[in-house]
Amino acid sequence: MDPAHVTEPPPPPFALDKFHISQEYGFLLPDPQTELPTPYGPWMDLARSLPHLIATRQLRAHVHQAPQLSAAQLHGHRDLRLAHLVLSFITAGYVWQDGEEGPAKVLPQNLAVPYWEVSRRLGLPPILLHADLVLANWRRRDRAGPLELGNLDPIVWLPGGESLRGFVLVTVLVEKAAVPGLQAIVEAAPAIWQPDRETLLRALAQLATALGAMTEALRLMHDHVDPDIFYTAIRLFLSGGVSELPQAYSGGSAAQSTVLHAFDAFLGIRHHEESLAFLRQMRDYMPPCHRAFVEAIQAFPPLRDLVLSSGNEALCCAYDGCVTALAAFRTHHIAVATRYVVAAAKTSRGSLPRPAPPSGLEQRGTGGSPVLRFLKSVRDATREALLHV
Ligand code: HEM
């Protein structure tokens, strides 16, 4: 790694806060706001009663009675993020209140107009997103207490009780576990331009450790989310709309989490054509600043080529350690998707009484082998980046 060989321009200033990413919480909104300004009390009242209003099929009637409110009195990012979360949840409940047989095809004006306005101001689509469901949807029971499951609750709930709680908060913990990996990318950035082997080695080791911690956090899903409840009571509300594989689930999928996109970009993972289109599409569902972070990483000189051409065994091993840890996360995620979507689809058939499972979504690709094919293709493309030197 001879600095004399460097032809790249000097590194641009690269810092998490430039992309509205928190040093402590990563892509999670730091201690999100839990109340909207006073005029929006009617929205908060609806949001707080969602599980009950959906279970009793009264939500649509209550929405129809709600006043038409302008979004003009929402000020700043945190107001807007809570408003998007609240309106997304009310909309998901409104659309799917009667199960998959009777989705509402049109939103009433008092919901659609402010929802559109809030979405436009945030640069986000008007649909329930990972940025709502997870990133802006956590609160501490004890404000001074730790970020652990026992001290956390979602701010807004959907049906599913404790399983909904587990699904949201385990994903919060996966996002949190990724934070040292994001910091590692920031540390590595100038070291790629220079290049500086020792710093890169340190950063790669830190990224591999973060990926291991993410896999550990993901394992908690098994203890805190019941597959049957996830499949029959929760999943429908996360579905975006009606479309081809795997778009139907993209309403609230962690495929929209910026974490994996950032790590893929940093490590130079080249996804296969058929999965790339979907993954790229998911970026439109991210807050624009987070999307810009991934694009900035893509503009780095290619790390993989640098490591390979360095001929340095320790660096190659450290790089492969990250790729192996990323593939391991994806392998475990395949097991999770299999248990909660594919296997749950099979066992839920014919066992009554319970709400109708979203079999329409299943046919459209989120419940069967097309999903597993997609997830395996993403995992296999990860493995193909291994240097094996
Ligand atoms: C019960 C829990 C979960 C289930 C059932 C599940 C299911 C799925 C499914 C079906 C897909 C395919 C794409 C789609 O339909 O949207 C997907 C994609 C994805 N999920 Fe999950 N998921 C779960 C939890 C998580 C968590 C906690 C994370 C981590 C933040 C995550 C990260 C991803 C990513 C990054 C993708 C895109 C494919 C990839 O990059 O490997 N998922 N998930």
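1. In α8, Pro 180, Gly 181, Ala 184, Glu 187, Ala 188 and Ala 191 meet Thr 199, Leu 200, Ala 203, Gln 206, Leu 207, Thr 209, Ala 210 and Leu 211 of α9. Contact here is a pair of C-beta atoms, placed from the backbone, within 7 Å. By class, this contact has nine nonpolar, four polar and one charged residues; Ala, Val, Leu, Ile, Met, Phe, Trp, Tyr, Cys and Pro count as nonpolar, Asp, Glu, Lys and Arg as charged, and the others, Gly among them, as polar.

2. A word on the model itself. It is predicted, with local features needing pLDDT of at least 70 and side-chain atom pairs pLDDT 80 or more, while totals for chains, interfaces and linings use all residues. Residues are numbered from 1 along each chain as its sequence is written.

3. Now the geometry of the pair. The axes of α8 (residues 179-193) and α9 (residues 197-219), lines fitted to C-alpha atoms over the stretch in contact, come within 8 Å and cross at roughly 165°. The two helices are therefore roughly antiparallel (over 145 degrees between N-to-C directions, on a scale from 0 to 180).

4. Next, look at the backbone. Most residues other than glycine have a negative phi. His 20, however, has a positive phi near 55°, and its place is in the segment before α1 (41-48).

5. Arg 57 also has a positive phi, near 55°. You will find Arg 57 in the loop between α2 (50-55) and α3 (59-65). Arg 57 counts as exposed (12 or fewer other C-beta atoms within 10 Å) because it has 12 such neighbours.

Conventions. Helix = DSSP H or I, 4+ residues; strand = E, 2+ residues; numbered from the N terminus. Buried ≥ 20, exposed ≤ 12 C-beta atoms within 10 Å, placed from the backbone. Parallel < 35°, antiparallel > 145°, perpendicular 65-115°, else oblique. Contact = placed C-beta atoms within 7 Å.
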